[in-house]
Amino acid sequence: MITLSKKEMLLVSFMLFSMFFGAGNLIFPPYLGQEAGSYVWLSIAGFVLSAVGLPILGVIAIAKAGSFYQLASRVHPSFALIFPILIYVSIGPALAIPRAGSLAYEMGMAPFLPVQATDSTWSLFLYTIVFFGIVFWFSLTPSKLIDRFGKILTPTLLTMIALIYVKSLFTPLGPTGVPAGKYATSPVVQGFLDGYLTMDALAALVFGIVIANTLRSKGIEDKKQLSANMIKAGIGAGMLLTFIYVILGLLGSSGASLGRPENGGLLLTAIMRQLFGTSGTLILGVIFTVACLCVSIGLVTSCSQYFHGRFKGLSYRGWAVILCILSMGVANLGLSEILSVSVPILGAIYPIAIVLILLALLERWIPAHSSVYMTTVVVVAVFGVVDLMNLTFFNQSWNDILGVLPFYKEGAGWIMPAVFAGFVGVLLDLRKRTDRTGGGTTTSPSK
């Protein structure tokens, strides 16, 4: 039996952390910290529960099920064919990869260009050629990702964020602010909902294939050992994510004197200028660029491996080329256009992914063949379609009706329908069991 050394396990955890930690993960925690003010620790606790908990549970769910396909097959074979493709396309070339390229440009390049250059589409186009060229080069050798992520990219990212925090200890940003909005009344709940909106649980389902293949390249083939090591990698990545979220949240909570920027990106920019002067913009640009590269490389690798395995007609390299070209094209549409189209669709898909993850973790009580999978996923999917139509086609005119559901305004209105559907699935299982038992004990009439 092959056993990974502590160093090898650490490098795998580093790799998974880098694949999770993108620009969005940089932006959310500081903004949360500033809004939560003196309640920052409570809000971060809620944020970590969902922003770290759900993705790591996703990795564990894939490890226990064996693969994303096997997990989805518990609903229906047709669902197992359609849903993973939908996930890979949505979180890959349709949103996450192009968004990373656009954000890397806006935070890492645009601040250093003349105004007339940023107004031109040519600067973004040229930048994305270079950006996705680098992504493609890294993605060509998936077997080397553990070395490149674990030994180069992740340590660089962690070191720069640690540097920012240490500098903040010697150059205090200011006093902690007063909690604002819902952070003042329910900081843990609001922090949890903010973490939920990162949608990293989708990434967990996608990255499972890369972690599994990386471990197999180390000689680990036994299913139980593979599952155990994937879970260890998930926990290790979760600890790193938690550490970074705490640092960024505390930085944001000390930024009360910096005003109220509209988003976490602007807040981070203000914090960096306060700490490092004009060079702060350069440091922040490097951090954003490295984070966006890591996520893009991880997603291109994951999607290419999946599509190559699913559709044998094209090589892994061919899929990597297609995904990088498509992502570059979408990135040049602009960040606002990408988000306006893709975010509502991801919002409809995300609850289904969470339901699958939670059901996989309840395997002791809800077996793989249970009707709960079908009833819950169907109801949550229908709710997602209705909500998507409400947001995109009916200008939220159904809000009064849908708003009756608990947590709907917070973006989690699917929870109660899912619970109800799960209860119906349990009743169907009981009925099937009763029918089988009754059929087995029926005696034939006497002659």
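Visitor: In which helix does Ser90 lie?

Guide: Ser90 lies in helix α6, residues 77–91, where helices are DSSP runs of H or I with at least four residues, numbered from the N terminus. This is a predicted model, in which local features need pLDDT of at least 70 and side-chain atom pairs count only at pLDDT 80 or more, while totals for chains, interfaces and linings use all residues. Residues are numbered from 1 along each chain as its sequence is written, and side-chain values use heavy atoms, with hydrogens and water left out.

Visitor: Why does Ser90 count as buried?

Guide: Buried means under 20% relative accessible area, with exposed over 50% and partly exposed in between, using a 1.4 Å probe and protein chains only; Ser90 counts as buried because its relative accessibility is 8%.

Visitor: Which residues does Ser90 touch, leaving out those up to four places away in sequence?

Guide: Contact means heavy atoms within 4.5 Å, and on that basis Ser90 touches Leu95, Ala96, Ile345, Leu346 and Ile349. A polar atom of the Ser90 side chain also lies 2.7 Å from the backbone oxygen of Leu86.

Visitor: How many residues has the largest nonpolar core?

Guide: A nonpolar core is a set of buried Ala, Val, Leu, Ile, Met, Phe, Trp, Tyr and Cys residues joined through side-chain atoms within 4.5 Å; the largest here has 144 residues, and Phe17, Phe21, Leu26 and Trp414 have the most contacts inside it. Helix α16, residues 279–310, gives the most to this core, with 16 residues.

Visitor: How many residues of α1 are buried?

Guide: Helix α1 is mostly covered, with 11 of its 15 residues buried, among them Phe14 and Phe17.

Definitions and conventions:
Helix = DSSP H or I, 4+ residues; strand = E, 2+ residues; numbered from the N terminus. Polar contact = N/O pair within 3.5 Å; in protein donor to acceptor, adjacent residues only side chain to side chain.
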